[in-house]
Amino acid sequence: MKRSFINKSVSQCWLYLVLSLLITAPSVAQKKQLFPTTAVAHSHNDYLQQFPFWQAYNEGFGSIEADIFLREGKLMVAHTAKEIGTERTLEALYLKPLQKVIDKNNGRVYADSSRTLQLLIDLKTEAVPTLKALLDELSRYPSLTGSTTLGIVITGNRPPVESYGQYPSWLSFDGDLAINYQPEALKKVALFSDNFANYSKWNGKGRLPAAEKSKLDAAIARAHGLQKKIRFWNAPDMVNSWYSYLDMGIDFINTDHIETLSRFIETLPNRYYVADATHVAYKPAYRNDGLDKPVKNLIILIGDGTGLAQWYAGYTANNQSLNVFNMMQIGLSKTSSYDNYITDSAPGATAISSGYKGNNRSVGVDHTGVAHPSLTELVARQGWKTGIITSGDMRDATPAAFYGHRAERSDFPGMLKDLVNAPVDILAGAGAIQKDPAYTDLVKKFVVSTSASLADWSQAKPLIIADSLAALRSAKGRNNWSLQVFEKSLQRLSKNKNGFLLMLEGAQIDHGGHANVLPDVVTELKDFDQVVGAAMRFADSNGETLVIVTGDHETGGLTLTAGDYSRNFISGQFSTGDHTAIPVPVFAYGPQSQLFRGVYENTAIFHKILKALRLNK
């Protein structure tokens, strides 16, 4: 039975997104859109910000709040009477800046004609005289009262409801859900605001209690039933609560954290994923798993930048199923390089391929620059065939660590020189190698093809596939290239009676992490996991194959903040656009897979492989 994510209210916000119901109450005739904009943001007590008006305005907020006191004929902006200062007038902080932007934008508040702004003015002194002073002051700003993209709304102390119709058409009032407004008065109500604490004691962490959510839902339904927007003040103001407000259809999110909420909203498209396709995981037989039996073939699958969060994001978005999670032999790899707490791919892959910790940016060499034999070279001495595949550039750090020895990972010409003499039978990935000086020597040894689908996999010479498709994301044209090349490589290499080594890199999981684009991370992760399934299937059919799945490091500092198993939905936050030092899982399947349990340095993977293969370095 499929489980339901515990924070149902959070995850359901994406249903609102998909149905485009987040932005406005049903009465508002706006263009529907998949994601909310900062038009849903309300700058609470905006005058307490470092730069009143301008911070919220520059982020495109849809609502800004100012509290005013009538003091000696002047409208002063302050939170309490004790805080009133001589320079902080409504005119200076809000009316003049508004006039400036409206004049600049030809009568509109924002240059974008579809954007509007609500100025919510909270009257802290007696309603009628304060409002009269406000109307007198606004009479000097016809560009404000005449702008169709600026709404001026009165909250706090308000005049009697029956008098609303006496005020100018451009002036509206904040509503009270406890009042049953007559039709004429209701026309003057722009929105309803209420105290969140009247409905819930929730602190914004974890799940909003169902009973309290029901009360809030009823309030929202009442406002929307009256064709009005709704806002709650005194509400939790954090990422988790913002998800819930979007879920419930709250029209204005009350915040004191302007930039943080703005980034949250603006990056939503990059931080959520709902799968439109899933794959069925292979059901392993486990016949040889964890047994002390000889290993004839070795498959190493490296998810570049793939940590546990990336794996679990894929699991959540794939019907709670991944091939890799069917592996029972699991360890943790510590990924630091020799000279840095946080590795890059070059020494990360080198630790696996050669058993040495190098410096960042070094490939196939130790921290002193000395080259050491890679697994590719060691197994070739035993008569094994070798293959290297990447969904990235074949000259980049991870694939190059299995054939090259260079102090600088960007030394692509040097990598290809090393490839000329490397015991590689198949190399597949992207890369414009035809223009490299080493190309003349490469074509003497290899058959070079620019297409995996058109390559002659049956010919005897070693094969290079420099396919531009490999550089594309799986969702943008690469499709199942990795799986197809992997399976064709298996067919070719498995014909060798002495055995083979096949390494495949899921390179673009890392790209998505660097870009902080969760949909790219998850689609690439799922593409990679299909290769894992094919490797496990081959291992079961062969009985002498060890499969190892790991990452060279984690990228992005991904944290999963919302999800829904039933809809294959996942959302998260990234803490960095770079690598992190978080240990990465090591999964193993087949004979000798039991060796990979525990917590260890990334270099231990190499030595465990040698033990599994019964090889001496």
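**Overall build**

The model is predicted. The protein has 617 residues, and 59% of them count as buried. Its secondary structure comprises 20 helices and 24 strands. Along the principal axes, the C-alpha atoms fill a box of roughly 95 × 55 × 45 Å. Take the contacts between residues at least 6 apart in sequence: 69% of these join residues at least 24 apart.

**Helix H15**

H15 spans residues 412-421. Its buried residues are Gly414, Met415, Leu416, Asp418, Leu419 and Val420. What do these buried residues pack against? The table lists the partners.

| Partner of H15 | Residues |
|---|---|
| Helix H14 | 397-400 |
| Strand E14 | 426-430 |
| Helix H16 | 439-445 |
| Strand E16 | 463-466 |

The N-terminal end of H15 is capped by Asp411. A side-chain oxygen of Asp411 lies 2.9 Å from the backbone nitrogen of Gly414.

**Helices H17 and H19**

Two packed helices are described by the angle and the distance between their axes. H17 covers residues 481-493, and H19 covers residues 518-542. Their axes come within 9 Å and cross at roughly 20°. The angle is under 35 degrees, so H17 is roughly parallel to H19. The crossing is right-handed.

Which residues of H17 and H19 make the contact? H17 brings Ser482, Leu483, Phe486, Glu487 and Leu490. H19 brings Asp527, Gln530, Val531, Ala534, Ala535 and Phe538. By class, the contact has seven nonpolar, two polar and two charged residues.

Terms used. Residues are numbered from 1 along each chain as its sequence is written. This is a predicted model: local features need pLDDT of at least 70, side-chain atom pairs count only at pLDDT 80 or more; totals for chains, interfaces and linings use all residues. Side-chain values use heavy atoms; hydrogens and water are left out. Buried means under 20% relative accessible area, exposed over 50%, partly exposed in between (1.4 Å probe, protein chains only). Helices (H or I, at least four residues) and strands (E, at least two) are DSSP runs, numbered from the N terminus. Contact means heavy atoms within 4.5 Å. A polar contact is a pair of N or O atoms within 3.5 Å; within protein, one must be able to donate a hydrogen and the other to accept it, and residues adjacent in sequence count only if both atoms are side-chain atoms. Axes are lines fitted to C-alpha atoms, for helices over the stretch in contact, and angles run from 0 to 180 degrees between N-to-C directions. Angles under 35 degrees count as roughly parallel, over 145 as roughly antiparallel, 65 to 115 as roughly perpendicular and the rest as oblique. A crossing is left-handed if the near helix is turned anticlockwise from the far one by less than a right angle, and right-handed if clockwise. Ala, Val, Leu, Ile, Met, Phe, Trp, Tyr, Cys and Pro count as nonpolar, Asp, Glu, Lys and Arg as charged, and the others, Gly among them, as polar.
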